[in-house]
Amino acid sequence: MTVNIQQAQDTVIKTSDLSVFYGQKQALNSVNMEIERHAVTAFIGPSGCGKSTFLRSLNRMNELIPNCRVTGSIQIDGIEVNSDAIPIEGLRQTVGMVFQRANPFFKSIFENIAFAPRFHGVKNKADLEELVEKSLRKAALWDEVKDRLHESALALSGGQQQRLCIARTIAMQPSILLLDEPASALDPISTMKIEELVVELKQEYTIVIVTHNLHQAARISDHTAFFLMGELIEKAPTSQLFTSPQDKRTEDYISGKFG
Amino acid sequence: MRIKAKIMDRTATFLLTAIAVLIIGVLFALLGFLLTQGWHKLNFDFLTSPPSIAEAGGGIGPQLFNSFYLLVLTMLIALPIGLGAGIYMAEYAPDNRFTRFIRLSIEVLSSLPSIVIGLFGLLVFVTMTGWGYSILSGALALTVFNLPLLVRITEDALRNVPPSQKEASLALGISKWRTITSVLLPAALPGIITGTILASGRVFGEAAALLFTAGMTSPDLVFHDFSLNSPTSPLNPMRPAETLAVHIWKVNSEGLTPDARDVADGAAAILVIAVLAFNLGARWFGTWLYRKITSGTQR
Ligand SMILES: Nc1ncnc2c1ncn2[C@@H]1O[C@H](COP(=O)(O)OP(=O)(O)OP(=O)(O)O)[C@@H](O)[C@H]1O
Ligand SMILES: [Mg+2]
């Protein structure tokens with residue numbers, strides 16, 4: 001896959017006036033954001049500021065929460081996501097999501113990965129086997145599990161389970177990966193592996209990652225967005241946001257004055 | 001203050017242990033009594049030969065078969081309905097008045113005395129349908145008796161699956177129905193199977209609901225006759241079928257044979273052994289299956 005500069009700079013996700021309510025409570029307030037293709041965008045901000053809520057709007061996982069209401073517009077490659085005409089299964093195949101806590105299925109390692117592609121139409125056994133291997137390789141897990149593909153995924157370590165979840169998502173061949181604090185429950189070595197993986201994967205995917213670790217954001221992301229109390233305060237190229245933030249509140253946050 | 005708390009603690013521990021020991025004691029005394037009373041009857045002849053009307057030496061063969069056949073038929077009818085309703089209650093039913101009403105109805109149904117269900121069965125499945133005393137009527141009455149339990153078992157087992165499993169599946173773009181059948185049900189299976197086996201034990205030992213539905217007599221079964229409509233065929237669902245539990249009741253209250261008491265003791269021992277087997281089997285199988293699904297190899 002060749003990625004030219006032009007393509008690398010264009011916008012994949014564009015939200016306008018995106019607001020989310022849980023019952024009466026407003027969790028996101030009129031967020032306008034553009035997210036660049038084949039780049040890593042990090043979301044930072046204090047707990048409860050709406051990072052996960054924003055992420056879950058992108059693949060419409062908020063719909064599972066009773067009383068949750070989403071208003072405004074989200075466009076992915078120019079297509080409106082918040083529309084009843086969108087096939088939700090197709091949307092979630094394109095916009096893959098990895099959760100904070102690894103949540104492998106109570107199935108074998110192989111089945112964990114083959115499950116979604118099979119549902120989305122890959123029926124041939126040889127194709128599936130190839131896809132499983134490819135996904136595990138991309139998630140840097142193949143060497144560790146290649147001899148035990150048919151053993152339960154629950155026997156893996158926490159870090160391996162999280163990489164399995166990433167492999168499982170990649171296997172659907174999405175174009176966008178949403179990672180909600182994927183390393184926050186992991187040890188430093190597993191965290192480092194996930195970070196390397198993220199940088200590796202941005203060649204092929206547009207990645208949005210939520211993190212509480214500012215160093216992590218600085219290390220792996222190209223763009224950083226700072227949220228505060230349901231509002232997007234500032235989004236800029238990572239080096240710029242960390243060295244010369246435009247907003248006083250961003251500066252206070254990254255210098256550790258609150259949060 | 002410290003010392004007082006300690007004394008309270010000791011007293012409570014002692015009392016609770018005493019209660020537990022008492023319960024276990026009663027259980028073992030009961031089991032021991034039933035088994036020692038019936039032990040000498042447990043031979044092949046008793047288990048396979050038909051009962052006799054007047055002289056001693058009859059067995060419980062047909063009754064034993066009837067109990068199992070009725071159990072199988074009941075589960076064939078009740079399980080699909082129970083599973084379907086349980087899935088609906090756990091995954092689809094919105095939280096509104098109608099759902100709460102259904103839930104209440106299920107509770108009420110499950111607390112009805114089984115004799116009442118027997119009378120309902122007599123009215124609906126025996127008289128209104130014109131089937132007379134039959135295995136089918138009995139199976140339907142037992143379905144009514146068991147359905148609330150099966151619905152609750154399925155619903156609880158599904159609700160006990162960690163929500164992250166469902167979330168993971170839906171986030172992969174898997175449809176809701178496929179998520180239920182391929183992710184939630186397999187994870188809930190140990191609970192469902194354990195519960196179903198326990199429910200089976202209840203069905204196996206049930207008498208009151210069957211007195212007026214499956215009836216209190218059994219034809220002398222011809223065990224090589226498998227046509228579904230011959231009156232002496234064991235498989236004919238339209239014949240009357242006295243089960244083991246009903247037989248115990250009948251022999252005890254109106255048995256004419258000189259060894260009626262013995263027969264009842266033997267049958268009771270068999271019944272207890274079967275119900276025990278169901279319970280222990282359910283535990284063992286549930287644990288085994290859970291291990292297999294969560295950590296063993298699986299394909
Ligand atoms: N299911 C829900 N029901 C009601 N309110 C919710 C729900 N989920 C989140 N909220 C509220 O919405 C706000 C934003 O939550 P969100 O989870 O998006 O924050 P976050 O930035 O991801 O926080 P964290 O860093 O702790 O993960 C919070 O005030 C939270 O209490
Ligand atoms: Mg969050």
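**Entry 1: terms and conventions**

I define a pocket, on a 1 Å grid over the protein atoms alone, as an open set of points where a 1.4 Å probe fits, with protein on both sides within 12 Å along at least five of seven lines; a cavity is a set from which the probe cannot get out, and lining residues have an atom within 4 Å of a point. Grid points are joined across faces, edges and corners, and a volume is the space filled by probe spheres set on the points. I noted that this is a predicted model, in which local features need pLDDT of at least 70 and side-chain atom pairs count only at pLDDT 80 or more, while totals for chains, interfaces and linings use all residues. Residues are numbered from 1 along each chain as its sequence is written, chains are lettered from A and ligands numbered from 1 in the order in which they are written, and side-chain values use heavy atoms, with hydrogens and water left out.

**Entry 2: the second largest pocket**

I looked up the second largest pocket and found a volume of about 430 Å³. It is lined by 23 residues, of which B:Pro51, B:Ser52, B:Ile53, B:His247 and B:Lys250 are the closest to its centre. In chain B, α3, α10 (244-254) and α11 (260-294) each give two or more residues to this lining; helices (H or I, at least four residues) and strands (E, at least two) are DSSP runs, numbered from the N terminus. The most comes from α10(B), with four residues. I then sorted the lining by class and recorded eight nonpolar, nine polar and six charged residues. Here Ala, Val, Leu, Ile, Met, Phe, Trp, Tyr, Cys and Pro count as nonpolar, Asp, Glu, Lys and Arg as charged, and the others, Gly among them, as polar.

**Entry 3: the largest pocket**

For the largest pocket I recorded a volume of about 750 Å³. Of its 26 lining residues, A:Leu64, A:Pro66, B:Ala90, B:Glu91 and B:Lys166 are the closest to the centre. The elements of chain B that give two or more residues are α3 (61-92), α4 (97-111), α6 (135-159), α7 (163-171) and α8 (176-205). I noted α7(B) as the source of the largest share, five residues. The lining comprises 15 nonpolar, two polar and nine charged residues.

**Entry 4: ligand 1**

I next examined the 14 residues around ligand 1, among which A:Ser47, A:Lys51, A:Ser52, A:Thr53 and A:His212 come nearest; a residue is near if one of its heavy atoms lies within 4 Å. Oxygen atoms of ligand 1 have polar side-chain atoms of A:Thr53 at 2.4 Å and of A:Ser52 at 2.6 Å. A polar backbone atom of A:Gly48 lies 2.8 Å from an oxygen atom of ligand 1. On its own, ligand 1 has 630 Å² of accessible area, of which the protein covers 66%; such areas come from the Shrake-Rupley method with a 1.4 Å probe. In chain A, β2 (25-36) and α2 (51-58) give two or more residues to the shell, and α2(A) gives the most, with four.

**Entry 5: two loop residues**

I located A:Pro245 in the loop between α10 (238-243) and α11 (248-254) of chain A. Is A:Pro245 buried or exposed? I classed A:Pro245 as buried because its relative accessible area is 17%, where buried means under 20%, exposed over 50% and partly exposed in between (1.4 Å probe, protein chains only). B:Asn236 lies in the loop between α9 (208-211) and α10 of chain B, and is buried at 6%.

Note on methods
Polar contact = N/O pair within 3.5 Å; in protein donor to acceptor, adjacent residues only side chain to side chain.
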